[in-house]
Amino acid sequence: MTTSTERMKTAAVTEEFDLAAPAYDRLVASSPGYHQDLRTSARRLFLPGLGADRVLVDLGCGTGASTAALAREYPRARIVGVDSSEGMLLEAAAKDWPSGVTFHLARAQDLTPEWAEEVLGGPADAVFAAYLVRNVPDPDAFLARVRELLRPGGRLALHEYSVADSVAARAVWSAVCWGVVIPAGRALAGRDDLFRYLWRSVLDFDGRATLLERMRAAGLGSVASAPMPGWRYGITHTFVGARP
């Protein structure tokens with residue numbers, strides 16, 4: 001991991017998300033497959049009954065794209081979106097949501113079973129985290145915290161970029177970032193710091209096998225991964241696990 005990437009994973013990355021929040025939905029809308037991929041990962045939680053009587057926590061919910069994917073797949077669930085960026089949460093909360101969707105300002109890595117008791121009424125049935133584990137300062141501590149939030153048998157789905165295991169995936173990722181993502185971010189948000197960080201953080205992040213091992217080391221069972229289709233194959237993945 002580069003020193004600059006490591007530094008961004010403190011308050012700096014949250015500040016950049018605050019600044020990019022008003023343009024963020026327009027940015028992701030220009031990414032082919034972005035919303036469909038979130039729904040694919042949401043489905044891979046395999047919750048029965050459209051999520052009836054289930055409590056889902058959407059960690060790092062941002063402006064609510066992942067929350068919308070969960071609400072689409074599990075319309076009968078109670079969904080709690082959590083993010084550390086006030087700007088992103090303001091964008092999310094301004095949208096129309098079913099009555100079962102709420103949002104909370106908090107750092108995902110600081111959540112505890114006591115928080116779950118107070119806010120959720122007990123452990124979560126499932127946790128979804130899109131593009132988050134790569135951005136926390138200590139992924140191992142984060143995964144251990146997530147395990148503590150889950151009820152026994154509760155499921156976790158990480159929706160994340162991982163290109164370390166593939167030279168081709170790394171090349172495609174860099175081409176997409178420098179050809180599309182970084183210029184679009186500069187044009188729409190007026191700055192490109194966040195999007196340069198996005199490019200570098202993905203290159204620095206775990207390969208698929210390493211992240212799966214982190215999940216096992218955090219005490220999660222039934223750990224597996226699956227790729228996304230199309231140009232995202234080998235770049236974007238779903239990583240699932242469960243609290244035994």
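Me: Which residues line the largest cavity?
Reply: This is a predicted model, where local features need pLDDT of at least 70, side-chain atom pairs count only at pLDDT 80 or more, and totals for chains, interfaces and linings use all residues. Residues are numbered from 1 along each chain as its sequence is written, and side-chain values use heavy atoms, without hydrogens and water. A cavity is a set of points, on a 1 Å grid over the protein atoms alone, where a 1.4 Å probe fits but cannot get out; lining residues have an atom within 4 Å of a point. Here they are Ser31, Pro32, Gly33, Tyr34, Asp37, Tyr131, Tyr161, Trp231, Arg232 and Thr236.

Me: How much space lies in the largest cavity?
Reply: The structure holds one cavity of 30 Å³ or more. Volume is the space filled by probe spheres set on grid points, joined across faces, edges and corners. For the largest cavity, that is about 50 Å³.

Me: What volume does the largest pocket have?
Reply: A pocket is an open set with protein on both sides within 12 Å along at least five of seven lines. The largest pocket is lined by 49 residues. Phe17, Tyr24, Tyr131, Arg134 and Asn135 lie nearest its centre. Its volume is about 900 Å³.

Me: Which helix supplies the largest share of the lining of the largest pocket?
Reply: Helices (H or I, at least four residues) and strands (E, at least two) are DSSP runs, numbered from the N terminus. Helix 3 (34-43), helix 4 (65-73), strand 2 (78-83), helix 8 (167-189) and helix 9 each supply at least two residues. The largest share, eight residues, comes from helix 2.

Me: Is Ala29 buried or exposed?
Reply: Ala29 lies in helix 2 (residues 11-29). Buried means under 20% relative accessible area, exposed over 50%, partly exposed in between (1.4 Å probe, protein chains only). Ala29 has 58% relative accessibility, so Ala29 counts as exposed.

Me: How far apart in space are Ala29 and Ala65?
Reply: In sequence, Ala29 and Ala65 are 36 residues apart. From C-alpha to C-alpha, the distance between Ala29 and Ala65 is 9.9 Å.

Me: How far apart are the end C-alpha atoms of helix 9?
Reply: Helix 9 (residues 193-204) has 12 residues. The expected span is 1.5 Å times one less than the number of residues. That gives 16 Å for helix 9, and the end C-alpha atoms agree, at 16 Å.

Me: Which strand gives the most to the lining of the second largest pocket?
Reply: The second largest pocket holds about 160 Å³ of space. Its lining includes Ser225, Ala226 and Pro227. With three residues, the top strand is strand 6 (residues 221-227).
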